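Work through the exercises below with the sequence and the structure side by side. Try each task before reading its solution.

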Amino acid sequence: MNSFLWSIGRDPPAYLFGTIHVPYTRVWDFVADNSKSAFQGSNSVYFELDLTDPYTISALTTCQMLPRGENLQDVLPRDLYRRLKRHLEYVKLMMPRWMTPDQRGKGLYADYLFNAIAGNWERKRPVWVMLMVNSLTEADIRSRGVPVLDLYLAQEAERMRKRTGAVERVEEQCHPLNGLNFSQVLFALNQTLLQHESLRAGSLQAPYTTEDLIKHYNCGDLNAVIFNHDTSQLPNFINTTLPPHEQVTAQEIDSYFRQELIYKRNERMGKRVNALLQANPDKSFFFAFGAGHFLGNNTVIDVLRQAGYEVEHTPAGQPIKQTRTQKSGSASGSSSPWLTSAGSVTVDAMFLPSRSSSTADSDEDLISPHLLMPDSLSQLEEFGRQKKRHKKLPKRRRQFSDLWVRIEESTTVLPSNIRIINGYITVEPTVEPAHRKEHWPVIPSATGITSPPATALLYGLAFLIRILLLAS
């Protein structure tokens, strides 16, 4: 059982939980029961990004695109562009062979999946194309079709009607990637292509795989190196085969991203966790971030400890505190430990707006279910392209035709000014002699018995229809 759970000393309790960006089915059975209980019992669940918010997708798309309508062909050296295009053609060709029968059974098609991941690649900035190429491997393709752990927890939190939110904006993760200078971007893309070309030729074995990540996670290995790699989502460019000047460039890129995508984010995330805890002293929290944010140096845990909190690692099997919600639920005879009340949360203006269960309820079927597998920030739009907000149609106003009374032809004799045309009652104006007294005409029924109430009813209907016609 893994042990990526930390408890923050407060009442009600708050928890930090380390996730990884892999299909949840590969790791969920190995997550300790106390971690699951902490998730179930918390009022509010917060993530790095709001994976179920359409804004996340639109902001990410905007951040990835080249400016002023440029195309990748216009900015890359010709040889690098041709190699990139050739590699993507190879991936597209191999995709049907890489996919599993289970994926096909779920309705995933190779062309559709390729377009979902790599569509519009010629309009993207080179750094995002580099991340895309790094995710287009056989092992990663075979895992598509199942929500990653983060997204699974987000979906469960909304299903359980918890308060959900995020501690980062897309721009705060996206802009550091766009901050590399152009020569560094070209180096990174070239090195990524070289690695994948060597893998295709069989001359290189990948030093880091998704299977390695899953194995370490399920074993509860708190090794910071491999999980920091998962957090930064970047390939490792540093190796001894590079010439000295390229080793310098690789080291600069590694240092830049370690500072921007790990250390600075840890500082920001830790401060925002602190702000949420301070603003909501009566709410229990469950913070699910990438495991790398809790391991190594300058972590989110370090930031919270510096703010005065006691943060302790919670091994598998160690009991956790019951929240007030759990206690009250059991006292009232609640039959399901998954159900908790969705309390309101005061969120600082610097956060993305948190969303309550009512938002989730109004956005049914917001995400195409077979595309819920963004294994990194660069793949969020993989399901986001298919994510369309279903607008609630306004309640249909009753039309005048809805009020018409449908009367079939019968043996009932009607007054001369009331006719049935095409099955609907119509009324012709009548002129009454001045000397004639008002009375209810008697309509013979089919049985031969007169029926004054029926006549009154028909006149009433005729009068109502005339009023409605004038009103319309």
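A crossing of two helices is called left-handed if the near helix is turned anticlockwise from the far one by less than a right angle, and right-handed if it is turned clockwise. Keep in mind throughout that this is a predicted model.

**Exercise 1.** Describe how α7 and α11 cross, giving the angle, the handedness and the residues in contact.

*Solution.* Begin with the axes of α7 and α11, which come within 9 Å and cross at roughly 20°. Angles under 35 degrees count as roughly parallel, and α7 is therefore roughly parallel to α11. Next, apply the definition of handedness: the crossing of α7 and α11 is left-handed. Finally, look at the residues that make the contact, which are Pro126, Val127, Val129, Met130, Val133 and Asn134 on the α7 side, and Val185, Ala188, Leu189, Thr192, Leu193 and His196 on the α11 side.

**Exercise 2.** Repeat the analysis for α4 and α6, and state how the two helices lie to each other.

*Solution.* The axes of α4 and α6 come within 8 Å, and they cross at roughly 140°. The two helices are therefore oblique to each other, and their crossing is right-handed. From α4, the contact involves Leu88, Val91, Lys92, Met95 and Pro96, while α6 contributes Ala110, Asp111, Leu113 and Phe114.

**Exercise 3.** Which residues have the most contacts inside the largest nonpolar core, and which element gives the largest share of this core?

*Solution.* The largest nonpolar core has 50 residues, and those with the most contacts inside it are Leu76, Leu84, Leu88, Met95, Met132, Leu136 and Ile141. Several helices give two or more residues to this core, among them α2 (54-64), α4 (78-98), α6 (110-118), α7 (126-135) and α11 (182-201). The largest share, eight residues, comes from α4.

**Exercise 4.** Is valine 300 buried or exposed, and which residues does it touch?

*Solution.* Valine 300 is found in helix α15 (residues 300-306). Buried means under 20% relative accessible area, so valine 300, at 0% relative accessibility, counts as buried. Leaving out residues up to four places away in sequence, valine 300 touches Asn266, Met269, Gly270, His293 and Phe294. The C-alpha atoms of valine 300 and lysine 271 are separated by 8.4 Å, although these residues are 29 residues apart along the chain.

Terms used:
Residues are numbered from 1 along each chain as its sequence is written. This is a predicted model: local features need pLDDT of at least 70, side-chain atom pairs count only at pLDDT 80 or more; totals for chains, interfaces and linings use all residues. Side-chain values use heavy atoms; hydrogens and water are left out. A nonpolar core is a set of buried Ala, Val, Leu, Ile, Met, Phe, Trp, Tyr and Cys residues joined through side-chain atoms within 4.5 Å. Buried means under 20% relative accessible area, exposed over 50%, partly exposed in between (1.4 Å probe, protein chains only). Helices (H or I, at least four residues) and strands (E, at least two) are DSSP runs, numbered from the N terminus. Axes are lines fitted to C-alpha atoms, for helices over the stretch in contact, and angles run from 0 to 180 degrees between N-to-C directions. Angles under 35 degrees count as roughly parallel, over 145 as roughly antiparallel, 65 to 115 as roughly perpendicular and the rest as oblique. Contact means heavy atoms within 4.5 Å.
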